[in-house]
Structure formats: C-alpha cells, structure tokens
Amino acid sequence: MATGERTDDYTYYAGFEDEPEIVLDASCAGMKVLHIWDGYLDDILRNPSLDGKGWKGFTRDYHQCEGAFGQCGEGTITDIQEYLEDLRQYADRPFDYDETRSVYRLLCSWLESAIANHCDRILMKVI
C-alpha cells in the first residue's frame with residue numbers, strides 16, 4: 001500500500017449489506033477504514049456494567065444514544081485511549097456470534113494502531 005493510500009475492510013460487514021453498518025475511519029495514513037455489522041458491536045456492548053461508576057467510550061455512546069449512535073448517525077472520537085479502555089472491559093465476556101471475538105480483537109488492535117500512529121481523531125458513522 002502506498003503512503004497515504006486508504007483501503008476499506010469489509011470483512012465483518014460482508015453478507016450484511018442491507019443491515020446497519022458501523023464505519024470507523026481514522027485521521028492518519030495507513031489505517032484501514034473498518035466496516036462492521038452493527039450486530040457484532042451490539043454483541044460486544046450489550047449488558048454493560050451497572051456498577052454506578054458511569055460509562056465511557058463506546059459503551060456511553062451506544063447506550064446513551066450519543067455520538068454516532070445519536071440522531072445524526074455520525075460522531076468524532078478524539079480520546080481514542082478512552083474508547084480502547086472501554087472495549088478492554090469486555091475482554092472476558094462470552095459472545096453470541098462466533099465472529100464477535102474476532103471483531104473485538106480487530107477493534108482493539110485497530111485502536112492501538114491509531115494511538116501508535118498518533119491519529120488525533122476517528123470519524124465514526126452508523127449507516
């Protein structure tokens with residue numbers, strides 16, 4: 001891949017073309033644009049902690065209908081570390097779909113790469 005060239009990864013959206021899609025697009029070169037069926041994200045985020053400490057990252061946005069999960073269907077993630085830390089709390093959770101564990105690992109490694117590449121923001125869309 002040439003420097004600055006963008007590629008789209010539909011691995012976890014293929015076969016779900018008429019269903020809601022999550023698109024994650026980092027602001028730095030060399031990062032794939034992820035397209036993920038929203039059912040996988042739902043599988044990861046369902047049944048969040050109710051410990052009273054408050055939600056953050058994807059959990060907050062998803063369950064409080066904020067950011068990309070709000071009415072406009074688009075949001076910007078600027079605290080990438082917060083979203084990664086939020087995802088990590090689901091590491092040991094059992095998932096309903098066989099592919100969800102792979103999606104979970106992909107999201108974590110993709111966010112880690114965004115941090116390592118000094119991305120300053122991620123555009124997230126729910127289509």
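Modeller: The discussion below takes the helix contact and then the cysteines. Please note that this is a predicted model.

Colleague: At what angle do H3 and H4 pack?

Modeller: Helix H3, residues 80-88, packs against helix H4, residues 100-116, at about 155°, and their axes are 10 Å apart. Because angles over 145 degrees count as roughly antiparallel, H3 is roughly antiparallel to H4.

Colleague: Is the crossing left-handed or right-handed?

Modeller: The crossing of H3 and H4 is left-handed.

Colleague: Which residues make the contact?

Modeller: From H3, the contact involves Ile80, Gln81, Tyr83, Leu84, Leu87 and Arg88. H4 contributes Tyr104, Leu107, Cys108, Leu111, Glu112, Ala114 and Ile115.

Colleague: And how many of those are nonpolar, polar or charged?

Modeller: In the contact of H3 with H4, 10 residues are nonpolar, one is polar and two are charged.

Colleague: Staying with H3, which of its residues are buried?

Modeller: Ile80, Glu82, Tyr83, Leu84, Asp86 and Leu87 are buried in H3.

Colleague: What covers them?

Modeller: The cover includes helix H1 (38-45), helix H2 (57-63), strand S4 (74-77), H4 and S5.

Colleague: Changing topic, how many disulfides are there?

Modeller: Searching the whole structure gives one disulfide. Cysteine 28 is joined to cysteine 119, with 1.7 Å between the sulfur atoms.

Colleague: Where do the two partners lie in the chain?

Modeller: Cysteine 28 is in the loop between strand S2 (21-26) and strand S3 (33-37), whereas cysteine 119 is in the loop between H4 and strand S5 (122-126). The two are 91 residues apart, and the pair thus links distant parts of the chain.

Colleague: Is cysteine 28 buried or exposed? What about cysteine 119?

Modeller: The cut-off for buried is under 20% relative accessible area. Cysteine 28 has 11% relative accessibility, so it counts as buried. Cysteine 119 is buried as well, with a relative accessible area of 11%.

Definitions and conventions
Residues numbered from 1 in each chain as written. Predicted model: local features only at pLDDT ≥ 70, side-chain atom pairs only at ≥ 80, totals over all residues. Heavy atoms only, no water. Axes fitted to C-alpha atoms, helices over the stretch in contact; angles between N-to-C directions. Helix = DSSP H or I, 4+ residues; strand = E, 2+ residues; numbered from the N terminus. Parallel < 35°, antiparallel > 145°, perpendicular 65-115°, else oblique. Left-handed = near helix turned anticlockwise from the far one by under 90°. Contact = heavy atoms within 4.5 Å. Nonpolar A, V, L, I, M, F, W, Y, C, P; charged D, E, K, R; others polar. Disulfide = S-S within 2.5 Å. Buried < 20%, exposed > 50% of the residue type's maximum accessible area, 1.4 Å probe, protein only.
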